[in-house]
Structure formats: C-alpha cells, structure tokens
Amino acid sequence: MKSVFFDYNSTTPVAPEALEAMLPYFSDVFANPSGQTSEMSWQSQTAIKKANLQISELIKCQPHEIIFTSGATESINWVFECFMNQQKHIFISKVDHDAAFQKVYDYEMRLHFTSNTDGSVDLESFKTGLKELKPGSLVSLIWAHNELGTILDLKPLIEEAKKLGHFTHVDATQALGKIDVDFSGLGLDFLSCSAHKLYGPKGVGSLVVNSKTVTGLKPLIAGGGQQSGLRSGTLNTPLIVGFGKAAEIAQNKLSEDQRHFKSLKETFLNEIKGLKFTQNGDLKNSLLNTINITFHDWKSLAPFHLELLPFSVSQSSACSSENNKKRILSCLDIPETGTLRISFGRASSAKNVTALAQKIKEALSGQKTL
Ligand code: PLP
C-alpha cells in the first residue's frame, strides 16, 4: 500500500497552482529582482509585488510590513535577537516550538509563563510574569500549537502585554491558512510564518513588522541592502511567487478547508468510538485539521506511530531535535506511550481516515507486550 500522509502540520505539498505560478521564475524570468537594467528584472519586481499583496491580504497587514525570510525559524530568531541584543526580557511558554525555545535556552533574561495542560495560557501566571519584565520587553505567543492544535485566545493576552508597554510577537506558522488571521486588527507588533505549512514552497516565509509601532529594527542578515536594508540577500523570486499564490488560495479556500477538516475529524472520532483514549489540547479551541490523542491501551514499548505505517502520523514535531521531541508532552503531563499527532490536509479523504482508524484498531489488538 502507498504511504498515506497524515502529518500535514509538519509540511504540505506545493499546491499545483502555486507550482505553476513559480515555474517561469526559475529559468525564463530569472533576472535579479533588484536589478535596474532589464525588462526581466521589472517582471520579477512586479511578480514579487503581487505576492506581497496576496500575502498581506491573508495576514491582514500592509504589504510593506512583510519582510521575506527563509521561514519561520529565521523570523523568530531575528525578532528574539533584536530584543536579546538590547538586554530585554523574552517572555515565552515552555511549550513553544523549538525555533523560539532553543533560541533563548541559554539567555539569562528569558522568563516562562505557565501553560495549562491543554496548551492554553494560564492567565494569572501570564499577568504576574508581565509585571516582572523590563519595560519594552518581548512577549511571544504560539498562536496555534503545532503538536496539540490548541489555538490561543490572543486578544486578552495581547491587551495585557500592551497595557504594560511590551512588544508582542506571534508565531503564526500553524495558524496561517487554517484560521482567520488579523495582524492589524489585533495590533500585533511582529508575526512569523512559513510558506510550506500552507501549500507553498519550503525555504521561504516572512516576518511581519508593524510599521506604526516598531522603529529601528536591526537586520539579522547584512549585505546588499535588499528589502530596505532589513534582510539582505537576493530575493528568491520563484519561492516568493509560490508563497503568494499559496496565500491567495488559502484565503479563498479557508472555509472549504475548515469544513473538510471538521468532517474528517468527526469521521475519525466516530470510527474510534469504543476505544479508550484521551484527546489532548484545548478541545473547544483547536485546529480542525489536528488531533492529538493518547490511546490508553497501547502498552508496547514500540513507538505506536511506526506500527501504523504506511499511514504516516507523528508523535511530535518533525522540526524538533531528538532530545527535545518529548519536551512538550512531558511539560503537559501527556504520556509519550500511546500518543499520536494526526494532522489532515486537503488531500486527506474520509476513506483514508477510516482506514487509519482501522489500522489503529489492528495495531492495538495485535501489539506485542513484554
Ligand atoms: N513554528 C511552528 C509553530 C512550526 O510548526 C514550525 C515548523 O514546524 C516552525 C515554527 C518553524 O518553521 P520553519 O521550519 O518553516 O522555519
């Protein structure tokens, strides 16, 4: 049987329309978009401007607030670095993605707020911690959790941080394309995201910087002064064009995707009725494409997810180092044994979801224990 992918939070395939949009910019229209000397350069510039607009419509920010990077990891590192260089506090949760958690691992002015067992923020601990921060520190929140699917109720958290004059950053890598994102409406200062989580290409993302509230941002990467000197390096026209097209599709398909994922989730939960399990994460406010679940009857020492091949599900984030893979589960007191992260994508079907549930039942009944 062919591999059946249920790990779309790790990455997504490039949408056919995005691939088609990218192709001319690899070899036909290849001129440097910063060049001033050819028709081709202008064509590249126009294509980048269009992508900028498409992405800004999805994020609901101004086009000039978008700075292209290599992805969310770079964007997060960049924002954190700016605040670390100024000896400001970085206030994050212990269940953040490694891109944030590892960046400040050895930083003395790192403070953590407490997360509830469902991955949401403990508001009291958050408010208490905010008061300990130096003025103008950075509060960073993971909008939609990559492993649990928990979506944070950002508004009250952002308001509390702003009241005390702190800057806010959200890691919207898993949120963008899955839920409504409104950068300007929420009054965020920074947002990080990545194209490959929303059917765009790998290796491109952006940092969005609020032009009304942030001044004097220093570049992480210096060089030829591209992107107003904020992020040097030749702009990667095909990847940016692919990101733009993927953003446009995500915007148009948001409701359709959500309906599809909701129905797949219901199908799966229906199919596993009768098994003993606990669903992890905030069940009232969770990504519709994500199920984090612990099966109580998995007693084997073998990793459950590997027993389900050719169904490809995961136990934790694909982008975490081996040592840190279990950090999030253990932080939230979720047992490693029997826990799976299943994440649906556009190509997932009810038939395959039913087959996955069947495979889980077979694995549970056929497991070898000591
Ligand atoms: N933040 C979150 C929540 C993620 O899920 C990921 C990727 O898994 C990242 C950051 C890092 O993204 P990238 O590897 O595209 O830089």
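1. The largest nonpolar core has 47 residues, of which Ile59, Phe68, Phe126, Leu141, Trp143 and Leu191 touch the most other members. A nonpolar core is a set of buried Ala, Val, Leu, Ile, Met, Phe, Trp, Tyr and Cys residues joined through side-chain atoms within 4.5 Å; buried means under 20% relative accessible area, with a 1.4 Å probe and protein chains only. Helix α9 (237-271) is among the elements that give two or more residues to this core, and α9 gives the most, with six residues.

2. The model is predicted: local features need pLDDT of at least 70 and side-chain atom pairs pLDDT 80 or more, while totals for chains, interfaces and linings use all residues. Residues are numbered from 1 along each chain as its sequence is written, and side-chain values use heavy atoms, without hydrogens and water.

3. Seven strands form an open sheet of mixed pairing, in the order β2-β8-β7-β6-β5-β3-β4. Because β2 (66-69) and β4 (110-113) stand at the edges with a single partner strand each, one side of each has no neighbour in the sheet. Strands are DSSP runs (E, at least two residues), as are helices (H or I, at least four), numbered from the N terminus; two strands pair if DSSP finds at least two bridges between them.

4. Within the sheet, β5 (residues 138-142) and β6 (residues 167-171) pair in the parallel sense over five bridges. Ser140 stands opposite His169 in β6.

5. Helix α4 (residues 72-85) is mostly covered, since ten of its 14 residues are buried. Among them are Trp78, Phe80 and Phe83. After α4 comes Gln87, with a positive phi near 55 degrees.

Key. Buried < 20%, exposed > 50% of the residue type's maximum accessible area, 1.4 Å probe, protein only.
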